Each structure stands twice: as structure tokens, then as C-alpha cells.
Amino acid sequence: MSVPNRGQDLEKLISELEEQISSLKTPEAKERALAEGIDLDAELVRLEKALLEGMKEYYGSLSPWGKTQMARHKDRPYTLDYIRLIFDEFFELSGDRVGKNDEAVVGGLARLNGESVVVIGQQKGRDLKERQRRNFGSARAEGFRKALRLAKFAEKFNRPLISFVDTPAAAADLQSEERGISEAIARNLRDLSVLETPIVVAIIGEGGSGGALGMAVGDRVLMLEHSVYSVIPPEGCAAILWRDRDRADEAAQALNLTAQGAKSLGIIDEILPEPLGGAHRDPLATANSLKRSLLKHLGALGKLCPQDLVAARLDKIRKLGAWSEK
């Protein structure tokens with residue numbers, strides 16, 4: 001006999017309550033309640049209270065696998081959504097100036113509260129056609145080279161660099177290997193480490209494997225509450241360890257991929273809370289929270305000279321994974 005899954009029960013309850021509340025707010029429901037002498041407002045208050053309590057319990061106790069699913073939610077805001085909501089202006093730049101343009105990576109010039117910045121980020125797609133065009137947010141070599149070209153542009157013109165990370169992993173196909181994806185990621189890791197301009201990284205969804213690392217070297221690394229950051233996607237980990245992708249939930253637990261886990265290990269600097277139910281329920285509130293954090297960290301980093309900035313970044317990187325014997 002299987003044991004009922006409390007999380008699934010709550011998710012089903014939340015969905016049912018949302019449907020009930022929506023149906024009771026229709027003109028037909030109001031007319032029917034008036035005719036039958038039913039206090040519709042009181043019933044709505046009761047249901048909305050139950051909905052709020054259910055959401056707090058469900059989203060407050062998400063497992064690592066549950067957070068992975070949240071990070072992948074089809075309605076979750078992507079890089080271009082945050083660019084639209086956070087920045088005053090944005091002018092996109094394309095191409096890596098070597099081979100071609102990779103649409104899994106977007107970037108360009110922007111203004112943040114009137115100040116010029118350079119923005120890069122991975123972009124997934126909303127529908128099948130766009131997902132295919134953007135390779136589901138998995139960059140190839142030219143995508144990482146585009147990101148580095150824009151990072152060097154930021155350095156040359158003394159502009160801060162903001163990087164949005166949201167990818168399941170780097171592209172793992174023949175085209176990527178032929179064009180030197182491993183070298184491109186390694187070059188990004190090296191050159192971003194010593195880039196003489198402030199870098200703030202925001203992990204807004206999935207921070208998967210080398211695809212994330214190639215754009216996640218920074219002075220400050222932020223993570224949204226329900227985003228994930230891992231050396232490998234849970235399904236890939238489960239396939240390697242147990243030859244069973246269906247054990248992805250176990251792999252997610254072992255990988256310690258949540259924002260809370262990353263913060264405890266000193267991998268990131270700040271966790272940004274999301275609206276109850278996830279960023280997709282209130283993209284504007286999430287964007288405003290992200291904007292405040294970006295301004296705070298850029299303000300602090302802007303006080304450092306380039307030499308001190310690089311020295312502090314290298315020291316931060318060297319401490320990652322540090323351990324000692326007792």
C-alpha cells in the first residue's frame with residue numbers, strides 16, 4: 001500500500017481552491033448567490049484563507065526536487081522578462097565576432113536607474129518554436145563567446161556587468177564539441193575571474209553545470225528563493241549513479257542544489273525571497289526585489305578600484321570548496 005504524498009495532496013488542494021475562487025468571482029455566480037440569499041463575500045474570504053494557509057504550507061516545505069520543478073516552471077520569468085521589468089533601456093547586441101550568433105544567450109547595453117550597465121543572460125523559450133530557436137536555454141560555444149565579448153566590452157568602457165543565469169546545462173551535442181565549447185567555457189572562467197569591472201550574477205531559475213558556471217563568475221552571486229544551482233541536472237545525476245532517471249528526486253536531495261544549500265556552503269552571497277507560490281505569480285514584485293539587490297551590490301562594488309575588485313574576487317573563488325582537517 002502506497003503512502004499518500006502530503007505535497008501532492010496540498011498541490012491538488014491549492015489547484016481546486018483556486019478554481020473554486022475563480023468560479024465564485026464570475027457575474028453568474030454573483031447573480032446566483034444573490035438570488036439564493038448566499039453570503040458570497042464570506043465564502044470567498046473562507047476559501048481565500050484556506051488557499052493562503054495551504055500555499056504557505058506547501059511552498060514553505062518544498063523538497064529539493066520540488067524546488068527544481070519550480071525553477072523550471074513554464075511561466076517562470078526569464079532573462080528578457082527581467083530585463084524589461086528592471087532596466088530603463090535595453091539595446092541588444094548579437095554575435096560572437098568569430099562564427100555566429102547563439103540565441104540561447106542574450107545581452108547588450110542597458111540603463112539601471114539611469115546608469116549604463118552591460119547585461120548578459122541565458123534565455124529559454126515560451127513556445128516550442130522559440131525553445132528550439134534558443135536551444136532550450138542551453139548555449140553552445142558561440143553563446144559563451146558572445147557573453148565574454150560583452151563582458152570585455154563592459155570592462156573596456158568601465159561599465160558594471162550583470163549576468164542572469166537560467167540554463168539546464170551547456171549544449172551537449174556534436175555542433176558544440178566541433179566549435180570548442182569546453183574551451184569557450186574554460187576561457188570564460190579564466191577571463192571573468194580577472195575582469196576589471198564589477199560583476200553581479202543572479203541565478204533566476206536553473207543554474208545547471210558548466211552552462212551556468214561559464215556565466216556565473218562574479219563579485220556577488222544572488223539566487224532567487226526557488227532557483228537551483230548544481231554541477232549536474234538531477235536526471236543526469238540519477239542516470240549516472242543508478243542508471244535510472246526516475247530517481248531524480250533522490251539525486252536532487254543528494255546534490256544540495258537549493259539556494260539555501262548554496263548559501264550554507266558559501267557559494268552564493270544572498271537569497272532573494274519570491275512571492276508566495278513562486279516568481280511567476282508576481283513577476284513585477286520579484287523584479288523589484290532583484291533590482292533593489294542589484295543596486296545595493298553595485299553601489300558597494302563601485303567604491304572599489306579595479307585592482308582591489310579583482311583581488312577580492314580571486315580570494316572569493318579560492319575559498320570555494322575549501323576544507324580543513326580537525
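Reply: Of the contacts in the chain between residues at least 6 apart in sequence, 72% join residues at least 24 apart, where contact means heavy atoms within 4.5 Å. The model is predicted: local features need pLDDT of at least 70 and side-chain atom pairs pLDDT 80 or more, while totals for chains, interfaces and linings use all residues. Residues are numbered from 1 along each chain as its sequence is written, and side-chain values use heavy atoms, without hydrogens and water.

The chain has 15 helices and eight strands; these are DSSP runs numbered from the N terminus, H or I of at least four residues for helices and E of at least two for strands. Its radius of gyration is 22 Å, which agrees with the value near 20 Å that a compact globule of 326 residues would have; the radius is taken over C-alpha atoms, and the globule rule is 2.2 Å times the number of residues to the power 0.38. Buried residues make up 47% of the 326 (buried is under 20% relative accessible area, exposed over 50%, partly exposed in between, with a 1.4 Å probe and protein chains only).

Now the packing. Helix α7 (residues 141-156) and helix α9 (residues 181-193) pack at about 20°, with axes 8 Å apart. Axes are lines fitted to C-alpha atoms over the stretch in contact, and angles run from 0 to 180 degrees between N-to-C directions. The angle therefore makes α7 roughly parallel to α9 (under 35 degrees is roughly parallel, over 145 roughly antiparallel, 65 to 115 roughly perpendicular, the rest oblique). The α7 residues in contact include Phe 144, Arg 145 and Leu 148, and those of α9 include Ile 185, Arg 187 and Asp 191. By class, this contact has nine nonpolar, one polar and five charged residues; Ala, Val, Leu, Ile, Met, Phe, Trp, Tyr, Cys and Pro count as nonpolar, Asp, Glu, Lys and Arg as charged, and the others, Gly among them, as polar.

Helix α4 (residues 64-71) and helix α12 (residues 248-255) pack at about 100°, with axes 7 Å apart. That makes α4 roughly perpendicular to α12. Pro 64, Trp 65 and Thr 68 of α4 meet Ala 248, Asp 249, Ala 252 and Gln 253 of α12. The classes here are four nonpolar, two polar and one charged.

The loop between α6 (128-133) and α7 holds Asn 135. Asn 135 has a positive phi of about 55° although it is not a glycine, and at 18% relative accessibility it counts as buried.
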